[in-house]
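Reader: I would like to learn how to read a protein model feature by feature, with the general idea given before the particular case. Could we go through one together?

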Amino acid sequence: MDLKVENGGAYKEEKLRSWGKSLPVPSVQEIVRNGNLQSIPERYMHENEESPIPVNLPDSELEIPVIDFSLLAKGDKDELKKLDFALKEWGFFHVENAGAYKEEKLGFWGKSLPVPSVQEIVRNGNLQSIPERYIQENEESPIPVNLPDSELEIPVIDFSLLAKGDKDELKKLDFALKEWGFFHMINHGIREEVLHKMKEAVSSFFELPLEEKKKYAKQENETQGYGQSFVFSEHQKLEWADMLYLITSPPENRNSKFWPLSLPGFKEAMDEYSIEMQKIVEELNANFSVLMGLDRNGLKRLQGELNQGIKMNYYPVCPRPDLVLGAKPHSDATTFTLVQQDDDVTGLEIRHKDAWIPVKPMQNSFVVNVGDATEIQSNGMYKSIEHRVMTNKEKPRKSIVTFLFPDYEQEIGPLESMINDSHRPRMYRNIKFGEYIRELFARKMEGKALLDFVKLQSK
Ligand SMILES: O=C(O)CCC(=O)C(=O)O
């Protein structure tokens, strides 16, 4: 039997009316349009309304909170906390950067906004208090607790022994990569003069007047240049540091517009340093290769020459080092990283057994750390460890950081030799390195969160 139903909607409407009455009233738009409105009709005048202007409230209570959508969309924990606060305390908030988020995802590297030079803030300012934008929240204490002495110093690896094929040193390297992800490398063979010239070049760059340094400033969507990376929002906490980042190898990837070529000795020092570093890199890569079950040339055959970028950091003194960070906790996206620290200023700290361990400088050595690409290739056996940089009241600190990483077109993933279905199943999916880096630059630096992007769910 066919049945047609009509006026079902009207029935619903009638039901709804039973919720209460609302009498017809004149159109206010019409009253205004028609009337030569000398006075407000009595019916519209409210009695005893509170003054719209709040009194005795601090500035922070006069504006509803602002939530940065691009940070929320990236899973930023601080922004989520701000949203929680806005919902609890206000019930209202502004949203910003909703469209910019898409733009950031689409632009290749994502943006990093220009920020003031911290060196200049310190140089000019009679710094009475730390600007709000630099005050970090909820940072953990730098003092490690309840750890035996052997857990307070990163391992030391003798490069000259590795280069001779010493098996015991290779075992020590294996231990350092598994248990620490960090080690000092001594006897690396780079002449002191080369290291010294490089340090001088970096010092003379940061001593240049601000206007001169700004000629090499990084633009919003570029990774290289002078400034700060990973700045996505005007509201984000900034680091107490300035940097100059330059891609050095392969040479065709260099971008001379960021190189202070008129600074005497700078290019020569960089060229020499970069070539010498590449020699160490070859040997380290060969050793990583053997440890991951390949022959000495295995990794090179798989992924070609590693690319090289050099980041020069300047951490000015800070009257309240307890409030700021020279670098927020992060792991490196690299294959591995080599750091030349200042000889006499400690600042770098690594996360080890749930404590932050300071890495004390060791003369003429490099600090080497495993990056995310190696953690992925080793199927989680070798750890890319979180690290951060603290500042101090007495002395500025400089560091020269050499990043080694696969070509952006290279696909990286766990090596077959590191996967074992019964006791070491595949932990990461394969990904083009360029795609991984693109994700890195679309996020605020946040510990090791980026690795989750390629981690497979455990079954
Ligand atoms: O300054 C340091 O010792 C390390 C710096 C660092 O981790 C970085 O620039 O990514």
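Reader: How many bridges join S9 to S12, and do these strands run parallel or antiparallel?

Author: Before the count, please note that this is a predicted model, in which local features need pLDDT of at least 70, side-chain atom pairs count only at pLDDT 80 or more, and totals for chains, interfaces and linings use all residues. Residues are numbered from 1 along each chain as its sequence is written. Strands of a sheet pair through backbone hydrogen bonds, either parallel or antiparallel. Here 4 bridges join S9 to S12, and the two run antiparallel; two strands pair if DSSP finds at least two bridges between them. Within this pairing, Phe336 stands opposite Val370 in S12.

Reader: How are the helices and strands defined, and how many are there in the protein chain?

Author: Helices (H or I, at least four residues) and strands (E, at least two) are DSSP runs, numbered from the N terminus. The protein chain has 14 helices and 16 strands.

Reader: What is the strand order of the open sheet?

Author: The open sheet has 8 strands in the order S3-S4-S12-S9-S14-S7-S6-S5, with mixed pairing. Its edge strands, each pairing on one side only, are S3 (156-158) and S5 (225-227). From one strand to the next the twist averages 25 degrees, where axes are lines fitted to C-alpha atoms, for helices over the stretch in contact, and angles run from 0 to 180 degrees between N-to-C directions. S9 is joined to S14 by 6 bridges, again in an antiparallel arrangement, with Leu338 opposite Thr402 and Val339 opposite Val401.

Reader: Which helix packs on the sheet by touching S3, S4 and S12?

Author: Contact is judged between residues, two of which are in contact if their C-beta atoms, placed from the backbone, lie within 7 Å. Helix H8 (residues 167-180) touches S3, S4 and S12, and its direction makes about 150 degrees with that of S3. Helix H9 (residues 192-207) lies across S6, S7, S9 and S14, running at about 115 degrees to S14.

Reader: How many residues of S9 are buried?

Author: A residue is buried if 20 or more other C-beta atoms lie within 10 Å of its own, exposed if 12 or fewer, and partly exposed in between. By that rule 6 of the 6 residues of S9 are buried. Phe336, Leu338 and Gln340 point one way from the strand, while Thr337, Val339 and Gln341 point the other way. In the protein chain, buried residues make up 32% of the 459 residues.

Reader: Which residues have the most contacts inside the largest nonpolar core?

Author: In soluble globular proteins, nonpolar side chains tend to be buried together. A nonpolar core is a set of buried Ala, Val, Leu, Ile, Met, Phe, Trp, Tyr and Cys residues joined through C-beta atoms within 7 Å. The largest one has 76 residues, and Phe182 and Phe183 have the most contacts inside it. Helix H11 (residues 266-291) gives the most to this core, with 7 residues. Leaving aside neighbours within four places in sequence, Phe183 is in contact with Ile154, Pro155, Val156, Ile157, Ala176 and Val368.

Reader: Why does Ser117 count as buried?

Author: Ser117 counts as buried because 21 C-beta neighbours lie inside 10 Å. This residue lies in the loop between helix H5 (98-106) and helix H6 (118-124). Leaving aside neighbours within four places in sequence, Ser117 is in contact with Leu210 and Asp242.
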